[in-house]
Amino acid sequence: KNILIQKAPDTLILLCVCRLAWEKDLRTLAAAYELLHNTRDDFVMVVAGEGPARKELESLMPGAVFIGYLEENELSKTYASSDIFLFPSSRETFGNVTIEAMASGIVPVVANAGGSRTIVRDGENGLLAQPKSAEDFYRKTVMLLDDRVLRNKLRITGLDDSTHYAWDKVFARVLEVYHRLRKF
């Protein structure tokens, strides 16, 4: 697949990557998109992923671009072409997509719950939104759409923070914990 999104130069790309299932709080995404779509024209919403909620979600998000499941290269290009990552799921145990977004230079707006809350530091490397609150996701997204300086600051910090999640560093931290526990 070669995904090409047509957009004006000042238009930002909002991206959501996940399995398209209702337990990912996709109704929050759809409602936040509706608020944005009804009040702004300076963004394109892109949704990457497949799942049982796709058809209904497409009907709830007219104008959004649904690109389906992407393999590694296409997914990397999609992340790298985007500006703001929206991830409403409040049930993630880790939130790998949030780290992938940050490593790609995308500012995350995520639910202040689950694994995303342990990755995103509100106002430092992304923004935390109230879980299941389309209005809060809307407000946080508008803040980033309107403030290029803030967006760039969060993007730079997120890029740096994402390097702490490289597998060699993660395994080193786990090994360090095991060594400390062994001393007891």
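Me: Where do I start with a salt bridge, say the one between Arg 139 and Asp 136?
Reply: Start with the rule: a salt bridge is a side-chain nitrogen of Lys or Arg within 4 Å of a carboxyl oxygen of Asp or Glu. Here Arg 139 pairs with Asp 136, and their closest N and O atoms are 3.5 Å apart. Bear in mind that this is a predicted model, where local features need pLDDT of at least 70, side-chain atom pairs count only at pLDDT 80 or more, and totals for chains, interfaces and linings use all residues. Residues are numbered from 1 along each chain as its sequence is written, and side-chain values use heavy atoms, with hydrogens and water left out.

Me: How are Arg 139 and Asp 136 separated along helix α6?
Reply: Helices are DSSP runs of H or I with at least four residues, strands are runs of E with at least two, and both are numbered from the N terminus. In α6 (residues 134–146), Arg 139 and Asp 136 are three residues apart, so about one helical turn separates them.

Me: Is Asp 136 buried or exposed?
Reply: The cut-offs are these: buried means under 20% relative accessible area, exposed means over 50%, and partly exposed is in between (1.4 Å probe, protein chains only). Asp 136 has 9% relative accessibility, so this residue counts as buried. Arg 139, at 46%, counts as partly exposed.

Me: What do the pairs Arg 19 with Glu 23 and Arg 121 with Glu 124 look like?
Reply: Read the N to O distance, then the accessibility of each partner. Arg 19 and Glu 23 have their closest N and O atoms 3.3 Å apart; Arg 19 is partly exposed at 45%, and Glu 23 is partly exposed at 39%. For Arg 121 and Glu 124 the closest N and O atoms are 2.8 Å apart. Arg 121 is partly exposed at 34%, and Glu 124 is partly exposed at 40%.

Me: Where is Glu 124, and what does it touch?
Reply: Glu 124 is found in the loop between α5 (114–119) and β6 (127–129). Contact means heavy atoms within 4.5 Å. Not counting residues up to four places away in sequence, Glu 124 touches Lys 153, Leu 154 and Thr 157. As for spacing, Glu 124 and Val 65 are 59 residues apart in sequence and 29 Å apart in space, C-alpha to C-alpha.

Me: How do I read strand β1, and is it mostly covered or open?
Reply: Check burial, then which way the side chains point. β1 (residues 12–17) is mostly covered, with six of its six residues buried. Leu 12, Leu 14 and Cys 16 point one way, Ile 13, Leu 15 and Val 17 the other way, and all are buried.

Me: Which strands pair with β1?
Reply: Two strands pair if DSSP finds at least two bridges between them. Six bridges join β1 to β2 (residues 43–48), and the two run parallel; in that pairing Leu 12 stands opposite Phe 43. β1 also pairs with β4 (residues 84–87) in the parallel sense, over two bridges, and there Phe 85 is the bridge partner of Leu 15.

Me: What handedness does the β-α-β unit of β1, helix α1 and β2 have?
Reply: A crossover is right-handed if, with the strands pointing away from the viewer, the path from the first strand over the helix to the second runs clockwise. β1, α1 (residues 26–39) and β2 make a right-handed unit.

Me: Which residues of helix α4 are buried, and what do they pack against?
Reply: In α4 (residues 96–103) the buried ones are Val 97, Thr 98, Ile 99, Ala 101 and Met 102. They pack against β1, α3 (72–80), β4, β5 (107–111), α5 and α7. Following α4 comes Gly 105, with a positive phi near 85°.

Me: What is Ser 162 in contact with?
Reply: Ser 162 lies in helix α7 (residues 148–162) and is buried, with a relative accessible area of 10%. Leaving aside neighbours within four places in sequence, Ser 162 is in contact with Ile 99, Met 102 and Ala 103.
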